[in-house]
2 protein chains.
Amino acid sequence: MHLHKIKFLLSIISLALGCSIPPLTGFAKANEIIERFTSEKITFKLHRLTKNLDHPWGMAFLPDDRLLITERNGKLKIFDGSSLKEITLTDFPDIYTRGQGGLLDVTPHPNFSENNLIYFTYSHPLSSGSTTALAQAKLQGNVLSNSQILFIAKTRSDTSHHYGSRIKFDRQGFLFMTVGDRGQRHNAQRLDLHAGKILRLTENGKPAPGNPFVNHSNALPEIYSFGHRNPQGLSLNPATGDIWLSEHGPRGGDELNIIQSGKNYGWPIITYGKEYIGGSIGQGTHHPNMSQPIHQWTPSIAPAGITFYTGEAFPSWQGNLFTSALKFKLLVRQEIKNNKVVLEERLLEGEVGRIRAVTQGPDGLLYLISDESDGALYRLSPL
Amino acid sequence: MHLHKIKFLLSIISLALGCSIPPLTGFAKANEIIERFTSEKITFKLHRLTKNLDHPWGMAFLPDDRLLITERNGKLKIFDGSSLKEITLTDFPDIYTRGQGGLLDVTPHPNFSENNLIYFTYSHPLSSGSTTALAQAKLQGNVLSNSQILFIAKTRSDTSHHYGSRIKFDRQGFLFMTVGDRGQRHNAQRLDLHAGKILRLTENGKPAPGNPFVNHSNALPEIYSFGHRNPQGLSLNPATGDIWLSEHGPRGGDELNIIQSGKNYGWPIITYGKEYIGGSIGQGTHHPNMSQPIHQWTPSIAPAGITFYTGEAFPSWQGNLFTSALKFKLLVRQEIKNNKVVLEERLLEGEVGRIRAVTQGPDGLLYLISDESDGALYRLSPL
């Protein structure tokens, strides 16, 4: 890692600043906390837009600027800029809400304006244990109905962790979906299971045409890449169209990967991480047939949602990758050049709790959710 | 009950008959047992076509004359007239195989010859307990793939019984599906749950147009009729196009009903049955707003699959309703006139075990499956 790490984080409590804070307008309401932070490039402020979120996991803006937020407990909420409402779920799959399981990611269909379809992932109960599944439903107003289970990952585990489950549509309209190793690490190398894989699906949850293993017997046709541990971040690199991925390592060895068709990302054969109880895992850090990460974090930061920033609100951040992190409760900003991380800055460390996801709003601002029992939605805007 | 019950059942062991049995041909193989029975109208023989079935539950002929047979343990088998093969299930939902739960009914799409689709019902695991669900998959050769869960019944029960789950396409191409009360009897009267209901669905598992409660708030749009206990038989009356239904009563009070849109069949408000431990249930046997059965059996026979006979092989049985029964291990033949049972005859009592389903073959013969751990497929043919 040839990174020049700079940590310029300064947090200044708004109350201490007194009159230097501009007056609040619009949806800047009573709940709001304003703090001012200085990044290497700019100074920004942090608003808490709403609280009362119980372990929010995924979020996605709709074309009408409303923000969908999942809660791990199985509820789906919507924030319209001023108030948080609960979506009425008139027919919704039964969700296994234990451990890390629950209602997980959400994203609208690329043509949501016409078809009102949203996609969500969740922990699907099995007769023994659970697995990661994808479903679709129609959102009309604040009512979700006509849900349909599109895909149920084939795994072999009765643990309640490592579901993966981030979803993202690419520019061709195919849906990338991550599935964790479900705590059975060697399954990440088995092509007859979906555990530890990145999947590429049609909008109907079927294997996308051109997937690398469609003609291999004993390999599942949904698989796009394999050898992943617990991937919980997906973002489209606007400069290249590639899908970038974050994944949790064991103890150390968190990774940032560019997903390529048919590639093996090595878990658990190669990793930069160690066993939790000490001791090495696998064969080391490199293997001639396995892909190297773009970046790895040791010690672990526990990276979750990631997003490439493309907005106008923070011109100096354009093209940067933002990674939400659970362990150090921070937001990582990385400058990328030629698919390499050339600078990393750690923001907001410990300020808002375990950050589960980060996304860019239609206003070009950055939005965060904190995965806590008293979780909240935050917005970063330039000062 | 104004029935004239006649029981002419005579069983004569084939070995005792010696040379009077015609020589076996075709798929009359070593496993076969032939016995001769005399009904009121005719004399018929019984062949055991295959054994090695583990609690078979549903069966359906394909247009190519092969017979699909479900086993409660989750296997799907196919009998081609001479041998029984197991269908390879390449992507199949996880099935809750406990108690009365498991893989249950099966039926081909009305246009199976063109689309190769089959429909099946099964016990779908929930995070607590299970429910009745409908899925679709493509059968090509002996391989079933592309399975898709179409409908998951909304119930509230963690018991492992009263799934209902018989399915039948009507002449308009809508799929009728039964759901039992799941052991929570009062749920049969609640229109916000699917328990204790007959549903009418499109081929995609959606509410069929014209269903009676589509415009009622707080009522589920899939519901066609309600107040059912555990309906496990469905057949289309060829004379009228009506859907007939059998259902298990509590202790006594098994029912045969003609299903009409929006009607309440009374369970557990009215019933001819009693509590297992003694004592009455509900308000009696009649209620002005609730439908009366066409027929009721007290004591219970435990009726499962039913079929109207329309074949040429038994001309004197044409238009008769056959009901398979678990408790007395028999096949009930009923003559129907103007939607009334005018004669009932009990056949095969105790001869082949608990009979779970009866269907008519493309050859006009009747086929039975016995729901035992050493279950078998039988055929009735004229002697």
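Visitor: Over which residues of chain A does pLDDT stay under 50?

Guide: That's residues 1-31 of chain A. This is a predicted model, and pLDDT is the predictor's own confidence on a scale from 0 to 100. The model does have 56 contacts beyond four places in sequence for residues 1-31 of chain A.

Visitor: And what is the mean pLDDT of chain A?

Guide: The mean is 90, and 91% of the residues of chain A reach 70 or more.

Visitor: What makes chain A and chain B count as touching?

Guide: Contact means heavy atoms within 4.5 Å, and 17 residues from chain A and 17 residues from chain B take part. The two chains bury about 1300 Å² between them, with 42% of it on carbon and sulfur atoms. On the chain A side, A:Ser127, A:Gln148 and A:Lys206 lose the most area to chain B, together 36% of what that side buries.

Visitor: How many salt bridges and how many polar contacts join chain A and chain B?

Guide: The salt bridge count is zero. A salt bridge needs a side-chain nitrogen of Lys or Arg within 4 Å of a carboxyl oxygen of Asp or Glu, so no such pair is counted between chain A and chain B. Polar contacts are there, though: six residue pairs, both at pLDDT 80 or more.

Visitor: Which strands of chain A supply at least two residues each to the side that touches chain B?

Guide: β11 (117-125) and β13 (143-152) do. β13(A) gives the largest share, six residues. By class, that side of chain A has seven nonpolar, six polar and four charged residues.

Notes: Residues numbered from 1 in each chain as written. Chains lettered and ligands numbered in written order. Heavy atoms only, no water. Buried area = accessible area lost by both parts, 1.4 Å probe. Polar contact = N/O pair within 3.5 Å; in protein donor to acceptor, adjacent residues only side chain to side chain. Helix = DSSP H or I, 4+ residues; strand = E, 2+ residues; numbered from the N terminus. Nonpolar A, V, L, I, M, F, W, Y, C, P; charged D, E, K, R; others polar.
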